[in-house]
Amino acid sequence: MPKLYSGAEIVFKCLEDQGVEFIFGYPGGAVLPIYDELKNFNFIKHILVRHEQGAGHAAEGYARSSGKPGVLLVTSGPGATNAVTALTDAYMDSVPLVCISGQVPTHLIGTDAFQECDTTGITRPCTKHNWLVKDINDLEKTIHKAFEVATTGRPGPVLVDIPKDVQFQKAKYTKFKRQKKLNGKIHNKFSQKDINELIELMSKASKPIFYTGGGVVNSGPKASELLRELVHSTGFPITTTLQGLGSYPGEDSQFLGMLGMHGSYEANNAMHDCDLMINIGARFDDRITGKIDEFSPKSKKVHIDIDPSSINKNVKVDLPIVGDVAEVITAIIKTIKKVKPNFTKSNKQKISKWWEKIQKWRSINSFDYINSTETIKPQYAIQRLYELTKDKDTYITTEVGQHQMWAAQHYKFDKPNRWMTSGGLGTMGYGLPAAVGVQVAHPNKLVVDIAGEASVLMTMQEMSTAVQYSLPIKIFILNNEYMGMVRQWQELLHDKNYSESYTAALPDFVKLAEAYGCVGIRATTPDELDDKIIEMINTDRPVIFDCLVDKQENCFPMIPSGKPHNQMLLGPKDQKKNKITGKGKTLV
Amino acid sequence: MANSKSAYSTPGKQGKLDTHIIVVWVDNEAGVLARVVGLFSGRGYNIESLAVAEIDSKLNISRITIVTTGTPQVIEQIKLQLKKLVPVHKVADFKREDKKVIFKEMALFKVVGNNSKKDKALKACKKYNPVILDKTKNSYVIQITALRREIDTMSKNLKKFGLVSVSRTGAVAMTRGSDTFR
């Protein structure tokens, strides 16, 4: 007679076999049997959050900074619905999450029982897949399948809903052997012919550009190394999306900066004028393309992606290559070495004119701003933060809004997995709990959440989590008392009608920090900023840094709309002062 | 739309819409139809008709036949998105005009009236293999199998012969000849 385990025990056996070390969660009636078993499984550390959304974002931060799937454990009903925002966020940004939720006992399902909700129904559109486990004998294979689905192909969140009676029932458990290569639903589907065709296009191109995204980061650190090798060996310019930051060194001379709505002038112009665009692991998001009809009209487009449904979804491409980024780049590099060993030399001449043009765009210095000696400019604050933390292998998370764009523009990343931001869903309140998750994964690293005062208040309660587990996260708030990006759009598009975008009552963040049991620091003038930042870095406890910045500053450059990439709106230093009018208003 | 002050782009030109029949082989498990249908509603795709039933009770496979309209790009997305669903095994796609594929729908008509009317109704259905499933002194229930537009026409034409109720299925499809879709 083999040993029988309860459903709750099986949950932990599975997590153990999957190598899970941390779970982020919050107990409740329908998951109590699982919480009851926690004490018997010492390999797992449970991080008690203050709200299930925080558990989800913390698991995301953990996953994105470590490359491992993030696990969260929530109760039925409100526990599950609170996790929905984080699951959707992970779905949009392709973050592997496994959410285990409790459910009311099977005989009560469908009776509107206390804390019952249709969890699998609610989370169906925001997960890769979900399961309601009604039979204890299905539990083991379901959880292992859940990890497989979350981590293979294009990663994403999954949910396993376990009714309370199933957590008590007993079944056998057979030790799970992780296959070396999981056979996910999506395999590499490219052939050598595709690679040859790409190299043919590359050798013909006189105005090429690499446009790379989060797929490079998701493919693992090896993919970023390979990307560097590929870009160096070709001499082509490269731009990355918001999610791709860090996959290529931010200070490298071939790097044009981020592209898109608030991307650099040179990146967007190069995208518009190029004759060959090589998209590696990006998805032609609408913040990138602007008006589709006028997006990069003269280029041949190549799209390398692991998800076949990303190809031709928004932009029609000439050469699709379906496969894992690391493996595709390996094949490209190998073929170049074999077929065109002196590719760089022969190509340098051909693209030198292109580089001249790019240098001209670059000289505009589009991220520039007018600094001040009286008030702290938000861009200046991020530049100083970067200068003072760049030697420390710092991990940065952000909230959503102007501060996020400024961080993307002015903080330069040199390695992948160092930049965690909510791009697809744009979830205000992401950064603080994400920082908690990052710090859990990297206890000895400096983790900074570059925040806005409005965003950070949405999940501020997680400071309490940081304090409980002595996670010394730094919340660097660029406080302008406005929902800055909303204010900016209202200024530019809605005749300065600042409807409800000013927060007339804000907490005193320094006192708030003290109330939570952490450290509060405030900077009000540019000349004290450096000292205060250094003080923050040197504090080995969680810090809320209240950086009072210019309230009117806008985020430039931006693509005003109805306009293609080559007609960007530049900052106040720009003489031309393009006005956004009429049709242009719709795209911003 | 042109004057809307939104954070999003204005719609581009819409391409030509085609009607396609999409056949999906899925594991017959709880919620699978909701996943397929939810994908259509969630992404704004259109469903004209739907037919679903288990076809292999041993392997637990169901076959879902969906008639949909969309631009070539949208149809391509529908197929790729369907293939990503975990319980989906394979996806086939046929154009409505495709001569190599048979499409059939079934309809039940209830006609109420005197003998002359009932017989006229039956005669009108002659082309579509009518079967009388139920008859009483003053009514018939007639079953026909035909194409969608033929059933549309019949439902209109039978009105004058005392048609009181129509029930119809979605289309089912199968390729002609000895080949099967793999």
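This is a predicted model: local features need pLDDT of at least 70, side-chain atom pairs count only at pLDDT 80 or more; totals for chains, interfaces and linings use all residues.

I started with the crossing of H15(A) and H22(A), which is right-handed. Residues are numbered from 1 along each chain as its sequence is written, and chains are lettered from A and ligands numbered from 1 in the order written.

H15 spans residues 378-389 of chain A and H22 spans residues 526-538 of chain A. Their axes come within 10 Å and cross at roughly 45°. Axes here are lines fitted to C-alpha atoms, for helices over the stretch in contact, with angles from 0 to 180 degrees between N-to-C directions. H15(A) and H22(A) are therefore oblique to each other. On this scale, under 35 degrees is roughly parallel, over 145 roughly antiparallel, 65 to 115 roughly perpendicular, and the rest oblique.

Which residues of H15(A) make the contact? I listed A:Tyr380, A:Ala381, A:Arg384, A:Leu385, A:Leu388 and A:Thr389. H22(A) answers with A:Pro526, A:Leu529, A:Asp530, A:Ile533, A:Ile534 and A:Ile537. Contact means C-beta atoms, placed from the backbone, within 7 Å. By class I noted nine nonpolar, one polar and two charged residues. Nonpolar covers Ala, Val, Leu, Ile, Met, Phe, Trp, Tyr, Cys and Pro; charged covers Asp, Glu, Lys and Arg; the others, Gly among them, are polar.

Next I checked H8 (residues 192-204) and H13 (residues 325-339) of chain A. Their axes come within 10 Å and cross at roughly 65°. H8(A) passes H13(A) in a right-handed crossing. H8(A) brings A:Ile195, A:Asn196, A:Leu198 and A:Ile199. H13(A) brings A:Ala331, A:Ile332, A:Thr335, A:Ile336 and A:Val339. I noted seven nonpolar, two polar and no charged residues there.

Then I turned to the domains of chain A: domain 1 (5-171), domain 2 (192-362) and domain 3 (378-548). The bounds come from an automatic or database domain assignment. The C-alpha centres of domain 2 and domain 3 of chain A lie 31 Å apart. Their contact takes 13 residues from each of the two.

Last, chain B. I noted four helices and nine strands. Helices are DSSP runs of H or I, at least four residues, and strands are E runs of at least two, numbered from the N terminus. The C-alpha atoms of chain B fill a box of roughly 65 × 55 × 35 Å along the principal axes.

Technical notes. A crossing is left-handed if the near helix is turned anticlockwise from the far one by less than a right angle, and right-handed if clockwise.
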